[in-house]
Amino acid sequence: MPRDYYEILGVEKTADADTIKKAYRSLAKKYHPDVSTDPKEVAEAKFKEISEAYEVLSDPEKRKLYDQYGHEGVSQQFGQDGFQWSDFTRADDISDIFGDFFGGMFGGGRRSRSSPNQGESLVYDLEVTLKDVLNGKSENIDVPRSVQCSACNGTGGKGGKVNTCRTCGGQGQVQSVQRTPFGNMMSVRDCPDCRGRGKTFAEKCPDCRGSGRITKEAHISLNIPKGIEDGMRLRVTGEGNAGYNGGPSGDLFVNIHVRDDKVFQRDGSNLWTGITTSYPKLVLGGEEIVSTLEGEKVSLRIPAGTAVGTVLRISGKGLPRLNSTTRGDLLVRVSVDVPKKVSEEQKELLMKLDAAAGTKTSKKKSAFNKFKT
Ligand SMILES: [Zn+2]
Ligand SMILES: [Zn+2]
């Protein structure tokens with residue numbers, strides 16, 4: 001003996017149509033085989049049961065028959081297998097009940113293009129130099145993006161003339177029910193006739209070929225802050241593709257790439273560079289001129305007895321720190337210039353120098369020889 005339909009939906013015998021619909025809606029959400037936490041067979045059986053009850057109680061005539069004659073009164077509706085999904089022909093009811101259900105369950109991917117949706121976000125790659133990092137920059141970029149076609153107001157119909165799509169009733173989506181070995185499955189997809197737009201037109205808009213959108217180059221001015229780092233991403237709100245059906249535009253993301261510099265290497269907010277000096281200056285001390293990133297010539301003191309490879313620091317001549325007024329340092333690595341050719345006079349002087357430092361050299365040599373023999 002099948003269960004009482006009112007009992008299945010948990011409503012009173014006197015319940016009005018609204019109450020019945022509400023009860024069905026909440027039970028359908030709970031027991032839909034795609035989402036139920038119950039084992040598949042249990043959920044399917046349950047879902048069939050509540051759907052059958054709703055099918056009868058939501059139809060005034062069937063409900064009357066059921067009230068008068070019980071299951072007998074409506075049993076021929078369902079044949080041997082009981083309720084069949086294919087009997088469920090009132091598509092408007094299904095979309096009403098499942099509209100928000102599927103919308104809510106599956107998020108954006110399932111949402112119809114006939115409802116307001118945010119446009120796609122765009123990504124733009126921008127190369128900047130170390131000087132841009134030093135000074136900051138306002139940069140104008142051209143970004144191709146899709147905007148609403150003004151000729152048809154985004155409708156896609158020539159002159160903006162459109163009709164509500166009959167296939168989906170303007171919903172942009174169609175629900176279909178398929179019988180599978182696992183039971184009846186409901187699926188929602190974009191309407192094939194209007195491709196999810198909910199509207200059809202007799203003649204395509206020539207400007208956008210019916211898509212309602214055209215690609216246009218947008219001129220966007222960007223503010224590159226001082227101290228920006230390679231790999232950072234700037235977000236320009238609302239400068240992506242136009243939204244659908246009055247939805248907001250997407251955003252524009254600008255990926256920053258800092259180009260390598262031939263003279264300066266970046267190390268956070270510090271910069272590295274090198275100078276070449278002479279051996280006498282390393283020994284006796286002296287001065288060299290160093291160019292900074294901004295092109296200034298700065299005098300750098302080389303202390304007496306500086307070894308090759310020593311790093312000297314010019315403070316405050318590095319890069320600005322992001323969102324700060326301070327700057328890093330310029331680090332200068334010292335190397336020595338070794339001439340390939342020397343004059344007779346230079347040669348003589350160098351030999352004298354070597355002889356003067358000779359004690360050290362000969363000691364080393366003898367130690368080496370001793371070790372060898
Ligand atoms: Zn158009
Ligand atoms: Zn349609």
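Me: Why does Gln171 count as partly exposed?
Reply: In this predicted model, Gln171 has 44% relative accessibility. Buried means under 20% and exposed means over 50%, with partly exposed in between. The value of 44% falls in between, so Gln171 counts as partly exposed.

Me: Where is Gln171, and how far is Gln171 from Lys199 in space?
Reply: Gln171 sits in the loop between E3 and E4.

Me: Which residues coordinate the zinc ion (ligand 2)?
Reply: The SG atoms of Cys165, Cys168, Cys191 and Cys194 do so, at 2.2 to 2.3 Å. Along the chain the donors have the spacing C-x2-C-x22-C-x2-C. Cys168, in the loop between strand E3 (163-164) and strand E4 (173-180), and Cys191, in the loop between strand E5 (183-190) and strand E6 (199-200), link distant parts of the chain, 23 residues apart. Both Cys168 and Cys191 are buried.

Me: What makes the arrangement around the zinc ion (ligand 2) tetrahedral?
Reply: The 4 donor atoms subtend angles of 103 to 116°. Four donors count as tetrahedral if all angles lie between 85 and 135 degrees. The range for the zinc ion (ligand 2) meets that condition, so the arrangement is tetrahedral. For comparison, the ideal angle for four tetrahedral donors is 109.5 degrees.

Me: Why is the arrangement around the zinc ion (ligand 1) called tetrahedral?
Reply: Cys149, Cys152, Cys205 and Cys208 coordinate the zinc ion (ligand 1) through their SG atoms, at 2.3 Å. The angles subtended by the 4 donor atoms are 105 to 114°. These lie between 85 and 135 degrees, so the arrangement is tetrahedral.

Me: Why does the pair Cys152 and Cys208 tie together parts of the chain?
Reply: The donors of the zinc ion (ligand 1) are spaced C-x2-C-x52-C-x2-C. Cys152 belongs to the loop between strand E2 (137-148) and E3, and Cys208 to the loop between E6 and strand E7 (213-224), so the pair ties together parts 56 residues apart in sequence.

Me: How do you know that Cys152 is buried?
Reply: The relative accessible area of Cys152 is 1%. That is under 20%, so Cys152 is buried. Cys208, at 6%, also counts as buried because its value is under 20%.

Me: How do you know that Thr306 is buried?
Reply: Thr306 has a relative accessible area of 9%, which is under 20%, so Thr306 is buried. Thr306 is in the loop between strand E13 (297-302) and strand E14 (311-314). The Thr306 side chain reaches the backbone oxygen of Pro303 at 2.5 Å.

Me: Why does Asn153 count as exposed?
Reply: Asn153 has 58% relative accessibility, which is over 50%, so Asn153 counts as exposed. Asn153 lies in the loop between E2 and E3. Phi of Asn153 is positive, near 60°, in a residue other than glycine.

Me: What makes Asn323 count as exposed?
Reply: At 77%, the relative accessibility of Asn323 is over 50%, so Asn323 counts as exposed. Asn323 lies in the loop between E14 and strand E15 (330-336). Asn323 also has a positive phi, about 55°, although it is not a glycine.

Me: Which residues lie nearest the centre of the largest pocket?
Reply: They are Tyr279, Pro280, Pro339, Leu350 and Leu353, out of 14 lining residues. By class, the lining has 11 nonpolar, 2 polar and 1 charged residues. The pocket volume is about 430 Å³.

Note on methods: Residues numbered from 1 in each chain as written. Chains lettered and ligands numbered in written order. Predicted model: local features only at pLDDT ≥ 70, side-chain atom pairs only at ≥ 80, totals over all residues. Heavy atoms only, no water. Donors = N, O, S within 2.8 Å, 3.2 Å for Na, K, Ca; no water. Tetrahedral: all angles 85-135°; square planar, octahedral: opposite > 155°, others 65-115°. Helix = DSSP H or I, 4+ residues; strand = E, 2+ residues; numbered from the N terminus. Buried < 20%, exposed > 50% of the residue type's maximum accessible area, 1.4 Å probe, protein only. 1 Å grid on protein atoms, 1.4 Å probe; cavity = no way out; pocket = protein on both sides within 12 Å on 5 of 7 lines; lining within 4 Å. Points joined across faces, edges and corners; volume = space filled by probe spheres on them. Nonpolar A, V, L, I, M, F, W, Y, C, P; charged D, E, K, R; others polar. Polar contact = N/O pair within 3.5 Å; in protein donor to acceptor, adjacent residues only side chain to side chain.
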